[in-house]
Amino acid sequence: MTIILGIDPGSRVAGYGVIKKNGNKLSYIASGCIRIKEKELPQRLKQVFDGVSQLIEQYHPDEFAIEQVFMARNADSALKLGQARGVAIVPAVNAGLPVSEYAARLIKQAVVGTGAATKDQVGHMVMQLLKLPSRPQEDAADALAIAICHANANQTLIAAAGKTKTRGNRSSRSHFEQLLKKQQKDKS
C-alpha cells in the first residue's frame, strides 16, 4: 500500500489530493485547496510551505508528486508559479519523500487518455476513477489527477520493465508510455 500526495501548485490557490494505491486499486483519501490569504509574495509562499508541511504531517504520504512548470504567456506568472512549486517541494524533501514531477500533458494523458483534455474532462475522470459522489474543486481535481498520474506512471514502468511486446522493429507502447519516456529523457 502506498499513499501519494499530489500537489497542483499556485501562489494564490494550491490544490492537494491524497490517494491510496493498493496493487492496481486506487482509493480516495482527501483533497482540497490551500487558499492563500496574504497579499505579499513572501508571505504567500510561506503559506504554501506551511500548508504542504501540515498535509505531510496529517496524511503521512509515502510519495509526493507535483506538476512541472509550463511556460505561460506571462513570464512574471511563470516565475511566481516556479517559486510556489519550490516551496511546495521543500517540505516533501525535508520529510524524506521521493518527489516526482509530471508535465501537464502527461497528467491529462494518464487520466483522460488525451494530453489535450479540458479541465472539465479531467475533473469528470477523476470523479469516475476514484468513485467520488461529486466532482472535486478544480484545483483539488488537478492535484488528484497528478497523484493518479504518478500511480499510473509507476505501474507503467513496472509493467514495461517486465515485458515489452514488439512487432518487427517497433515496440507497441501506449501513447502514455511514450510521453512518460520522453519526459524522463528530457530530464536527463
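Guide: Two residues are in contact when heavy atoms lie within 4.5 Å. By that test, residues 24 or more positions apart account for 58% of the contacts in the protein chain with a separation of 6 or more. The model is predicted, so local features need pLDDT of at least 70 and side-chain atom pairs pLDDT 80 or more, while totals for chains, interfaces and linings use all residues. Residues are numbered from 1 along each chain as its sequence is written, and side-chain values use heavy atoms, with hydrogens and water left out.

Visitor: How many helices and strands are in the protein chain?
Guide: The protein chain has 6 helices and 7 strands, taken from DSSP runs numbered from the N terminus (H or I, at least four residues, for a helix; E, at least two, for a strand). Read from the N terminus, the order is β-β-β-α-β-α-β-α-α-α-β-β-α.

Visitor: Why does Ala-145 count as buried?
Guide: Buried means under 20% relative accessible area, exposed over 50%, and partly exposed in between (1.4 Å probe, protein chains only). Ala-145 has 1% relative accessibility, so it counts as buried. Its place is in helix α5, residues 138-162. Over the protein chain of 188 residues, 43% count as buried.

Visitor: What does Ala-145 touch, not counting residues up to four places away in sequence?
Guide: Ala-145 touches Ile-107, Val-111, Val-122 and Val-126 on that count. With Val-122, 23 residues apart along the chain, the C-alpha separation is 7.2 Å.

Visitor: What makes Asp-142 buried?
Guide: Asp-142 has 10% relative accessibility and therefore counts as buried. This residue also lies in helix α5. Leaving aside neighbours within four places in sequence, Asp-142 is in contact with Asp-8, Lys-119 and Val-122. Val-122 is also among the residues that Ala-145 touches.

Visitor: At what angle do the axes of helix α1 and helix α2 cross?
Guide: The axes of α1 (residues 41-59) and α2 (residues 75-94) cross at roughly 35° and come within 9 Å. Each axis is a line fitted to C-alpha atoms over the stretch in contact, and angles run from 0 to 180 degrees between N-to-C directions.

Visitor: Is the crossing of α1 and α2 left-handed or right-handed?
Guide: The crossing is right-handed. A crossing has that name if the near helix is turned clockwise from the far one by less than a right angle, and is left-handed if anticlockwise.

Visitor: Which residues of α1 and α2 make the contact?
Guide: From α1 come Leu-41, Arg-44, Leu-45, Val-48, Phe-49, Val-52, Ser-53 and Ile-56. From α2 come Lys-80, Gln-83, Ala-84, Val-87, Ala-88, Val-90, Pro-91, Ala-92 and Asn-94. By class, the contact has 12 nonpolar, 3 polar and 2 charged residues. Here Ala, Val, Leu, Ile, Met, Phe, Trp, Tyr, Cys and Pro count as nonpolar, Asp, Glu, Lys and Arg as charged, and the others, Gly among them, as polar.

Visitor: Why is His-60 called exposed?
Guide: His-60 has a relative accessible area of 56%, so it is exposed. His-60 sits in the loop between α1 and β4 (63-67). Its phi is near 50°, a positive value in a residue other than glycine. Most residues other than glycine have a negative phi.

Visitor: What makes Lys-131 exposed?
Guide: Lys-131 has a relative accessible area of 71% and is therefore exposed. Lys-131 is in the loop between α4 and α5. Phi of Lys-131 is near 55°, again positive in a residue other than glycine.
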